[in-house]
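Let's take a walk through this model together. Have the sequence and the structure open, and follow along.

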Amino acid sequence: MTSMARPGGGRQFSSNDAIGLMLRKLSFLVLSLPVFLFALGNAPASAAESQPVISSHDTATLVTDRDAVAAGDTLHVGLRLQLKPGWHTYWLNAGDAGEPPTLKVTASGAMTGQSETINFPTPVRISEGGLMSYAYTGDVLLPQALKLEGQAGGVTLKAHAEWLVCAATCVPEQGDFTLDLPAGKAAANSSAEGPLFVHAAQASPVPSPFAASLAPDGLLSLSGKGLSPASIDRAWFMPSETGIIDQVAAQKLGVSEGGLTLKLNWIDAAHKPTVLSGIVVLQDKAGQQTALWIKTSQMTAAQATPAGPAPAEAALWRMLVFAFLGGLILNLMPCVFPVLAMKAFSLARLGGSHRHEQIRSALAYTTGVMGSFAALGVAMIVLRSVGSAAGWGFQFQSPIFVIGVAWLLVMMALNLLGVFEVTLGRIGQDVTPRHGVWGDMLTGLLAVIVATPCTAPFMGAAIAAALSGPAWAGLALFLAMGFGLASPYVAIATIPFLARHMPKPGAWMAVLKQALAFPLLGTAVWLFWVACVQRGAMILPVGLGGAVGLGLVAWLFGTTQRQAMIKGATPAVIFGRVVAVVVLVLAGISLARIDNGVAANAPVEAKAETGVVAYSPERLAALREEGKPVFIDMTAAWCITCMVNERVALQSAPVQKAFEAQGITYMKGDWTNRDESISAYLRAHGRDGVPLYVYYAPHKEGVVLPQILTVSGVLDAIK
């Protein structure tokens, strides 16, 4: 055997020694192999990810961007949530409901450190039931930066996280995580989880390169090179704090060369902020999005009120014009036809009147219309200020109001038929019947009441502006709408040329007066049907029984009225009037008890219409995600315009054939009773009432159709 000399002298090893050493090492490896394989099979998939916390809604882990740490490193750690389909968690500002997640990470060992601040990526917007949420879905990472201090060596990360996950229900969750990292040099994002941090950074907003400012009226402005209509197709703002702006309301976008504006709606204009922070998302025509983190500077008084008409003032004047035009066009809507018939009689009666009587009648009618609009506007503004989703025509969602209006129409029809006359007499005495000022004011009130189920072109924008701006401006807009509705009658009564060409009074007027009662009775029948849809068939005995009772009141009043004018306040006259008052009070009590008495009865179930899908935000989102065309019809049983549009256009053979040929889903939202999801959809499209028609072509934004539909108009829109 040969031997080997160890360099530097010392003991020599023979070949036998070398062979023995090799055999011992080989034996060690063979014996260790099972232990190594067992450890390998039970080791974590990655040293940079903790053991998971698993629920039926998601899987949560603590992850890091590197597998080893060195002294002075800034380690990126994060809470990874792998959410099941349909579930989401929340951003820094959860929105109108929800809570943001929290994560606290502590490092111990050779190095120490602590972090609690999450660097939130840009969320998506989820609008449900009139509420807005800013949320994350799918696989999301919520990262933090953890600065390590101390001597080189391994560290142990311990973290506690709390988060809320929501779908149809919301579930609070929490977890405790532990992760050991050895000492060593590793590059940032070098772990298996590193790509998650890269993606989170790419999805996070960047500091805005554009100057941002905020006007007192809520106009958010960005200015700088690169902003242009060619580069920006859509934009929206998500505030970092909740409770400041109406997060569901549409944010009107304006883009010019070097500038961009978004109109925000304050929740409380009296306590609006002077500065605002959050994310502005810019989207180009190709759908690419850029998220910018902004913090506005406060506008100076000079900026807020520039020379010349201020933008807010110009917008107010424009909205006042829209409001007037909307009220003017409202005269042509089907809802107002019964009252226009009554006004036709009033105009005929004025044909032979003196000039001052014509002007007085016009002023009285205008007062009734504008006063009613003002009262309605105040009610809507107050309800909105306390958080209600009241919109145009909201009062018709109350069966008490619907029955009450039906009874009023029945009484006015009986008046036209001559059953009784409107007088200024006391219970037992009467003077000559009066058809003048009070009758004209009552007609104006009735015109507004029956007009509110309808909306006319221009009214949508005006009502939205009225409910989102200052109260005084909103009241001015409602008054402008009222003046628009009253203006045709004012013009005919006050312009001499028109007044001279009115037909002269004659015996024919008595026949016309009685004939005009039947449109009112027809409208009352329709309202009884609406109440039945809202509360079920058991409401009909109350409604129709009350109408019979009011007929008795009208007959008693008319009978005693004629006797009183001849014989005065006889016992029979007084007795008849007392009975009429008692019946009237009983009718009022039965009306007030409608909700208590029949609320438990289910509304009449609408028969499923062939080819019609009931509206839901989730169903609409799913259809659009699948790339299917959708036609939205927001309607109500009390909206005559809606019903006319359905009969004339939407249910016509050419439109139905086109829907079927193009695979268009016809989705209908019924607003007869209060529905928050429909209210939110209306507000998102700048409307506060029905009808609303929107067509979504595959993978495109919705196109709003006119409020008066024609067959050709619908076919052109869906081409």
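## Cores, a loop and a sheet

Let's start at Val714: setting aside neighbours within four places in sequence, this residue is in contact (heavy atoms within 4.5 Å) with Phe631, Ala649, Leu650, Val655, Phe659, Leu705 and Leu709. This is a predicted model, in which local features need pLDDT of at least 70 and side-chain atom pairs count only at pLDDT 80 or more, while totals for chains, interfaces and linings use all residues. Residues are numbered from 1 along each chain as its sequence is written, and side-chain values use heavy atoms, leaving out hydrogens and water.

Val714 belongs to the largest nonpolar core, which has 65 residues; Val714, Phe631, Ile632, Met634, Tyr681 and Val690 touch the most other members. Such a core is a set of buried Ala, Val, Leu, Ile, Met, Phe, Trp, Tyr and Cys residues joined through side-chain atoms within 4.5 Å, where buried means under 20% relative accessible area, exposed over 50% and partly exposed in between (1.4 Å probe, protein chains only). Helix H7 (residues 399-416) gives this core its largest share, twelve residues. Helices (H or I, at least four residues) and strands (E, at least two) are DSSP runs, numbered from the N terminus.

Now look at Pro698, in the loop between strand E25 (692-696) and strand E26 (702-704). Pro698 is partly exposed, at 38% relative accessible area, and touches Gly627 and Pro629, not counting residues up to four places away in sequence.

Finally, find the open sheet of four strands, ordered E3-E4-E5-E10 with antiparallel pairing; strands pair if DSSP finds at least two bridges between them. Within the sheet, seven bridges join E4 (residues 58-64) to E5 (residues 74-83).
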